[in-house]
Amino acid sequence: MSVTIKSEREIELMREAGRILAKTHEELGRALAPGMSTWDIDRLGEEIIRSYGCIPSFKNYNGYPASICVSVNSEVVHGIPNRKRILKEGDIVSLDAGVIYKGYHSDAARTYGIGRISPEAEKLIEVTRQCFFEGIKYARAGNHLNDISSHIQAYAERFGYGVVRDLVGHGIGSHLHEDPEVPNYARRLRGIRLREGMTLAVEPMINAGKPDVCWLDDDWTVVTQDGSLSAHYENTILICENGPEILSLPAEGSESN
Ligand code: MF3
Ligand code: CO
């Protein structure tokens with residue numbers, strides 16, 4: 001599949017998908033509390049997504065069994081919700097969610113602290129979020145994909161963090177995963193030239209320790225090899241002439257994040 005340019009109609013549907021996903025994340029973020037299970041988060045997330053008339057895109061995607069990926073502490077991404085996994089004060093939890101609105105996808109992730117968390121965890125979450133914003137400063141027509149990737153990596157490594165290599169961001173639209181791949185690290189080639197109307201999911205996954213990850217026996221959950229904490233932050237963006245439009249953040253003026 002090659003990289004597609006979205007029509008104005010498609011972009012409008014992706015804007016609506018993104019608005020709904022932004023609200024879903026806000027509501028989930030507000031609901032998080034010690035004592036909640038990762039299963040509870042998934043149930044609530046799916047309920048919210050469906051209440052807006054959307055379909056949770058992760059459910060049954062390649063056999064993934066839930067609507068929200070819930071990844072705790074050293075889990076990087078794709079954690080499977082579980083009734084017995086109870087959040088406690090001091091944990092960090094990454095929530096990754098995807099919605100389909102009238103055939104169009106939006107994909108976004110946030111990492112939150114549960115109650116009071118360590119300053120180290122706080123910093124990892126903030127730097128990971130900032131990695132996204134540092135990268136998308138270069139997300140405009142005429143630049144190359146690698147401009148985004150290399151700036152995400154450079155920012156994370158300034159803090160001694162490990163940039164996950166084994167998973168990447170992606171194009172998005174009428175499918176959850178479209179071309180191109182959007183790495184969070186510099187590749188030798190500069191990658192495709194960005195054009196107006198491309199839509200990308202940019203998603204830095206950053207480890208407090210080394211970049212290496214491995215898969216648990218459930219074949220989904222990705223964890224850091226060294227057991228260090230990991231954070232994830234993702235939005236769906238639209239490439240425009242002068243910069244990106246972030247589709248999965250709340251509109252200016254409403255609550256942020
Ligand atoms: N944001 C993740 C990704 O882009 C979500 C996919 S998880 C899955 O890969 F459960 F849907 F597979
Ligand atoms: Co994604």
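How many bridges join β6 to strand β10, and in which sense do the two run?

1. The model is predicted, and the points below should be read as a description of that prediction. To take the question: two bridges join β6 to β10 (residues 205-207), and the strands run antiparallel. G162 has N207 of β10 as its bridge partner.

2. These strands belong to an open sheet of three strands, ordered β6-β10-β13, with antiparallel pairing. β6 (162-163) and β13 (230-232) are the edge strands, each pairing on one side only. Helix α3 packs on this sheet, where it touches β10 and β13, and its direction makes about 40° with that of β13.

3. Helix α3 (residues 119-136) also meets helix α4 (residues 145-158): their axes come within 8 Å and cross at roughly 145°. The crossing is right-handed. On the α3 side the contact is made by V127, Q130, C131, E134, G135 and I136, and on the α4 side by I148, H151, I152, Y155 and A156. Sorted by class, this contact has seven nonpolar, three polar and one charged residues.

4. From α1, the residues T24, E27, L28 and A31 meet I41, L44, G45, I48 and I49 of α2. The contact has six nonpolar, two polar and one charged residues.

5. Strand β4 (residues 92-101) is joined to β5 by 10 bridges, and the two run antiparallel. I92 has its bridge partner in β5 at G113. The hairpin of these strands has two residues between them, and K102 takes a positive phi near 45° there. As to burial, nine of the 10 residues of β5 (residues 104-113) are buried.

6. β4 also pairs with β2, in the antiparallel sense and over five bridges. Here V70 has L95 of β4 as its bridge partner. Strand β2 (residues 68-72) is largely enclosed by the rest of the structure, because five of its five residues are buried. In a regular strand, side chains alternate between the two faces of the sheet. For β2 both faces are covered: I68, V70 and V72 lie on one side, C69 and S71 on the other, and all are buried.

7. The largest nonpolar core has 36 residues, and L32, I41, I68, L87, V93 and L95 touch the most other members. The elements giving two or more residues to this core are α1 (8-31), α2 (38-51), β2, β4 and β5. The largest share, seven residues, comes from α1.

8. V93 may be taken as an example from this core. Leaving out residues up to four places away in sequence, V93 touches L32, V70, S71, V72, L87, R110, T111, Y112 and I114. Another core lies apart from the largest one; it has 29 residues, among them I117, V127, Y185 and I206. One of these, V127, is also part of the α3 contact with α4.

Key
Residues numbered from 1 in each chain as written. Chains lettered and ligands numbered in written order. Predicted model: local features only at pLDDT ≥ 70, side-chain atom pairs only at ≥ 80, totals over all residues. Heavy atoms only, no water. Axes fitted to C-alpha atoms, helices over the stretch in contact; angles between N-to-C directions. Helix = DSSP H or I, 4+ residues; strand = E, 2+ residues; numbered from the N terminus. Left-handed = near helix turned anticlockwise from the far one by under 90°. Contact = heavy atoms within 4.5 Å. Nonpolar A, V, L, I, M, F, W, Y, C, P; charged D, E, K, R; others polar. Buried < 20%, exposed > 50% of the residue type's maximum accessible area, 1.4 Å probe, protein only. Pairing = 2+ DSSP bridges. Core = buried A, V, L, I, M, F, W, Y, C linked by side-chain atoms within 4.5 Å.
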